[in-house]
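Thanks for coming, everyone. Please bring the structure up on your screens, and we will walk through it together.

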Amino acid sequence: MKVLSIQSAVSYGHVGNSAAVFPLQRIGVEVLPVYTVNFSNHTGYGAWRGPLIAPDDVREVITGVEERGAFAQVDAVLSGYQGSEGIGDVIIDAVKRVKAANPDAVYACDPVMGNAKSGCFVAPAIPELLREKVVPVADIITPNQFELGFLTGTEPSTLEETLESADAARAMGPRTVLVTSVERPDREDGTIEMLAVDDQGAWIVQTPYLPMKANGSGDVTAALFTAHYVGTGSAQTALERTASSVYDLLKLTLESGERELQLIEAQEFYAHPRLQFSARQVR
């Protein structure tokens, strides 16, 4: 499998491509990383160095990859946090060109905007850009519950409401929706869930809730789910493998006491998921 991943990069820590590339490589995926920023560290520290990469420069790198004849072999295009408005148009154009070379290729978009606790933390124009232009051309999207609500103009809380919001998102264009943090009021205490919905049905998986904030965990989740889903065609299998790997990554990070994801130390959990959580079909 070959994935064209258009995301940010940091030198210190693991977010964007610096979170997504290694887990994909560890499960045998060839990754073509294209960087949208080249920062010293993620912006959550409040200070960072390095450049935003101009959209035209990002486009030039993608064109160079295309000129090598690689697009015909790309199985998926993956995108995450979009630092500037112009990147959206570059990604959409890249998806169009990849699909022209390989009609079976899919586009997986992680519509990064924010979360329920902190609200939106991207540039003001980005959420509208995602909703109006980017998400409609995606095949797979991986929002959290807050982002799903923004995209669809809803406020999902219960499982039924989240399913309805996922269906509304699917009506916008994507056939597959992974909701990466379902916090329904009637779930068991100390748990959190992920929900996957596609044309075949809907599955939910529950894991223990870990009391931590881990920048980059969503990037790992989107990458692994995309690869497993494209590779198996099963939302249930992709959900179970992804939940297993990401939970063990987060647990290891929490136990380490470190702020940054222990991405390298957790590598066996990507290559050999323990499959300790079963996904339950809810539709």
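Let's start at one spot in the sheet. Isoleucine 140 has threonine 176 in E8 as its bridge partner. The strands here are E7, residues 140-141, and E8, residues 176-182. They pair in the parallel sense, over two bridges. Keep in mind that this is a predicted model.

Now zoom out to the sheet. Which order do its strands take? It runs E2-E1-E3-E4-E7-E8-E9-E10-E11. That is an open sheet of nine strands, with mixed pairing. E2 and E11, residues 280-281, are the edge strands, and each pairs on one side only.

Next, the protein overall. It has nine helices and eleven strands. Its radius of gyration is 17 Å, close to the 19 Å that the globule rule gives for 283 residues, so the protein is as compact as a globular protein of that length. The C-alpha trace spans about 50 × 40 × 35 Å along the principal axes. Of the 283 residues, 52% count as buried. On contacts: take those between residues at least 6 apart in sequence, and 67% of them join residues at least 24 apart.

Back to the sheet, and to strand E1, residues 2-10. Why is E1 described as largely enclosed by the rest of the structure? Because eight of its nine residues are buried. E1 pairs with E2, residues 30-39, in the parallel sense over eight bridges. To get from E1 to E2, the chain passes through helix H1, residues 17-26, and this β-α-β crossover is right-handed.

E1 also runs parallel to E3, residues 76-79, joined by four bridges. Look at isoleucine 6. It stands opposite valine 34 in E2. Isoleucine 6 also stands opposite serine 79 in E3. Further along, valine 3 faces alanine 76 in E3.

Is serine 5 buried or exposed? Buried, with a relative accessible area of 1%. One joins it to the side chain of asparagine 17, at 2.5 Å. Another goes to the side chain of glutamine 7, at 3.1 Å. Leave aside residues up to four places away in sequence, and serine 5 touches Asn17, Val31, Leu32, Pro33, Val34 and Leu78.

Move over to E3. Both of its faces are covered. Ala76 and Leu78 are buried on one side, Val77 and Ser79 on the other. E3 pairs with E4 in the parallel sense, over four bridges. Within that pairing, valine 77 has tyrosine 107 in E4 as its bridge partner. Together, E3, H3 and E4 make a right-handed β-α-β unit.

That brings us to helix H3, residues 85-101. H3 has 17 residues and reaches 26 Å from its first C-alpha to its last. Which residues of H3 are buried? They are Ile87, Gly88, Val90, Ile91, Ala94, Val95, Arg97 and Val98. An α-helix has 3.6 residues a turn, so residues three or four places apart point the same way. What do the buried residues of H3 pack against? They meet E1, E2, E3 and E4, plus helices H2 and H4.

That's the tour. Questions, please.

How values were computed
Residues numbered from 1 in each chain as written. Predicted model: local features only at pLDDT ≥ 70, side-chain atom pairs only at ≥ 80, totals over all residues. Heavy atoms only, no water. Buried < 20%, exposed > 50% of the residue type's maximum accessible area, 1.4 Å probe, protein only. Pairing = 2+ DSSP bridges. Right-handed = clockwise from strand over helix to strand, strands pointing away. Polar contact = N/O pair within 3.5 Å; in protein donor to acceptor, adjacent residues only side chain to side chain. Contact = heavy atoms within 4.5 Å. Expected span 1.5 Å × (residues − 1). Rg over C-alpha atoms; globule rule 2.2 N^0.38 Å.
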